[in-house]
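Trainee: I would like to go through some of the labels used for this protein. Please set each one against its cut-off.

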Amino acid sequence: MPRYYFNIVSNAATVVDPDGTELATIEDARGEAVKDARALMSQAVLSGKDISGRKIHICDEQGALLLVVAFSETIRMAD
């Protein structure tokens with residue numbers, strides 16, 4: 001099973017995922033990134049911070065960028 005790395009990227013810095021996660025497909029990795037982004041944004045909002053400008057770079061075991069998930073794309077605007 002492939003291992004995917006979820007690096008969190010902001011304007012100030014990149015937090016590198018040293019361990020990665022084994023998942024069956026890139027679609028599964030995207031789903032995991034969406035859940036992670038939502039959880040991180042929830043925690044940030046409770047602290048009064050907006051981190052919706054951040055992104056998660058999903059990389060393979062060689063460090064190649066496979067997919068970018070923008071935090072802002074993981075939520076819908078409420079009515």
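Trainee: Which backbone nitrogen does the side chain of aspartate 60 reach, and what makes this a polar contact?

Mentor: The side chain of aspartate 60 reaches the backbone nitrogen of alanine 64 at 2.9 Å. A polar contact is a pair of N or O atoms within 3.5 Å, where within protein one must be able to donate a hydrogen and the other to accept it, and residues adjacent in sequence count only if both atoms are side-chain atoms; therefore the pair qualifies. This is a predicted model, in which local features need pLDDT of at least 70 and side-chain atom pairs pLDDT 80 or more, while totals for chains, interfaces and linings use all residues. Residues are numbered from 1 along each chain as its sequence is written, and side-chain values use heavy atoms, without hydrogens and water.

Trainee: How do you know that aspartate 60 has no salt bridge?

Mentor: A salt bridge needs a side-chain nitrogen of Lys or Arg within 4 Å of a carboxyl oxygen of Asp or Glu. For aspartate 60, which is buried (under 20% relative accessible area, 1.4 Å probe, protein chains only), the nearest side chain of opposite charge is arginine 3, 11 Å away.

Trainee: What does isoleucine 8 touch, leaving out residues up to four places away in sequence?

Mentor: Contact means heavy atoms within 4.5 Å; the partners of isoleucine 8 include Val15, Leu40 and Phe71. Lysine 55 is another of them, 47 residues apart in sequence from isoleucine 8 and 5.9 Å apart C-alpha to C-alpha.

Definitions and conventions. Buried means under 20% relative accessible area, exposed over 50%, partly exposed in between (1.4 Å probe, protein chains only). Lys and Arg count as positive and Asp and Glu as negative; His and the chain ends are not counted.
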